[in-house]
Every structure is written in structure tokens, then in C-alpha cells.
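Me: I have a model open and want to talk it through. Can you start with the terms and then go chain by chain?

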Amino acid sequence: MPDIMLYRAGQMQQVCLPGDLVGIWDQKVWTFGKITLVEGLPYGDPFIFNLGAIAAGGVVQPVQLPNLAMSDLEFGQFRMRVLDDVAVGLWMGTADRRWRTKNQVARVTLFSHLMDEDANRTEFFVNEDDYAYIGAWNETSYPLNVARVAFWGFRYRYEPARQSNGQLYTINNPPSTYTRIPAQAF
Amino acid sequence: MRTGMYKSMSIIKSSYPVLITAANTPQNLFLISAGGNVPRTAKIVKIMVGAVTLANNSILQFGTGLGGAWVAILPPFLVVNAVDNQWAEDQIPSATVAANITCQSSILGLTVMIEVEEFGG
């Protein structure tokens, strides 16, 4: 599949299908895999996280999302939206904040969904057990009893992709076409 | 009719039911979200007033600020005694404010609740 499937507008779709080759950017290394299975991860509990009560003006430091971690040789494609009036930031690893410009970092709020109904700009990838984290800001003038964030997407299983001579592909000798999966360590 | 944006970019919130405890004295009704990088604004889109125990009709006003800082944002509403008083969006001017919404009544004892649309980021 071409890279235009990433962050694609409209309802979330798979970025690749079984048999496709992917290059996964993770820990600052490209790893190449061949997709063997794709499965949906529907919207709903337990992929809705509750960051709990937040005082007016309060901040929740990044919280690990173990429920989004994937098994070995799997990656997940996720989109997210907030369900309560809270601003949420995404970290892939506690030092890797997402959605950055030079001087600012975007957050998802209740208003994000009004402009971006399908949440395609929130899309991110989790490779194996590289944990995602979310932090939150209560910018209302009153305490929030709950601060919920919902995730949904697809699960991909892959096997290491090899050349015809049995050698693993590397970035110096990559497949002729592959879908880039920007997983972690940007 | 609604005017302004052709596509709603607002979220819906409501106040708590607020009992008017003193006549002609502004009270907080809706706390606007104030902690973001940009201010939010709000407009009232629905009003419910319970007034079943009052002796007379009353005049209810919505505004911003408390005490001497109170400023009206809508014309006065006549609250008729012994009935439920409700106004919906079509009947309320689209006054948008960037402050807490307060209200005052000529008679104490009303219970007021509003629904607002909040705009911002």
C-alpha cells in the first residue's frame, strides 16, 4: 500500500494488507516486515482510558497505556478522541511528545473532534510493547470527575521481511516499495 | 435562527441548578473555562426556571460579573409565577461572552439552570 494511507482523511482504514511490506521506524532504526494478519480494534471499553478526577487547572503527568501495547511482531494503528472537557497530549515514550511544531505541541480537546471528525490527525502507531503515554490538562474553571480518552484502530501482525537470498532487508538495501510506519523515536 | 458559523464548532455544557438566594443580587450561574492558551466564549442556548413557590412574577436577568461589576448581556426575562418558564435557542439572542455568566432576579427563590454552547480550542 502507498504511504497515502497514513493519516488518511475519513473513516480509519488499514494502512496495509496481509502480504504487504512495511518499514517500521522504531528506536531510530528501520525494521522491515511482511504483514501476515490485520484485525480491527473497535471503539469501546477497555480502550477507553479514564485519567480520573482532575482539579480545576490541574495537570496529569504522562500515564502509561499498557492496554495499547502490542505483542511481539505486532504493531497497532490508533486514533483517539477525548470524551470529557480535557486537553490531552500524546507521548511515545515519556521523552517523545507527538504532534510538534517548532515551538509548540498540539493537544486533542473536545473541539478537535468538531474540526477533525474522523480524528485522522491524531493517528499514531505502537510497535510491540513501546508504550504510549497520555497526559492531560483540566483547563476548565471547575474540577472534572472523569477524564476519558478513547482509542480505536487496527492490529497488524508481521514477520521479518527477507530478500530472495534470505537476508533481512535493511534501510541500505530496502524493498522496492513498502509502507512506512512511523512508530516511535521521531 | 442561528447566525454566524455555518458549522457548529462549539461544545454543549450546562450550569448546575442555581437557587436565587437574594433578590437583585447577581450570582454565579455558569463558570466559563478559563485555563487554556486562548479564551473560550459561551452563549446561552437554553434557559429553565422553576418558580412554583413564588408569591409574584419576577424579573430575571443574565449578565456577567458580580456586585457592582455586573453587566447585563440579555434583556430582562419575565418569569411567570407557578409555571415552568423555559426559553430555547430560537428565542434567545446570540449574545456571546468570555466570562462567567451570572444572573439576578427581582425575587429570591427561583431555581435557574442554563445550557450554553462554549467556543474555543
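Reply: Strands (E, at least two residues) and helices (H or I, at least four) are DSSP runs, numbered from the N terminus. This is a predicted model: local features need pLDDT of at least 70, side-chain atom pairs count only at pLDDT 80 or more, and totals for chains, interfaces and linings use all residues. Residues are numbered from 1 along each chain as its sequence is written, with chains lettered from A and ligands numbered from 1 in the order in which they are written.

Me: What pattern does chain B follow along the sequence?
Reply: β-β-β-β-β-β-β-β-β-β-β. That is eleven strands and zero helices.

Me: What does chain B span along its principal axes?
Reply: The C-alpha trace of chain B spans about 45 × 30 × 20 Å.

Me: OK, cores. Which residues touch the most other members of the largest nonpolar one?
Reply: A:Val88, A:Ala132 and A:Ala136, in a core of 40 residues. A nonpolar core is a set of buried Ala, Val, Leu, Ile, Met, Phe, Trp, Tyr and Cys residues joined through C-beta atoms within 7 Å; buried means 20 or more other C-beta atoms within 10 Å of a residue's own, with C-beta atoms placed from the backbone. Strands E2 (29-41) and E9 (148-160) of chain A are among those that each supply at least two residues.

Me: Which other core is there?
Reply: One of 20 residues lies apart from it, including B:Leu60 and B:Phe77.

Me: And how many residues does each chain put into the contact?
Reply: Chain A gives ten and chain B eleven, where contact means backbone-placed C-beta atoms within 7 Å.

Definitions and conventions
Contact = placed C-beta atoms within 7 Å. Buried ≥ 20, exposed ≤ 12 C-beta atoms within 10 Å, placed from the backbone.
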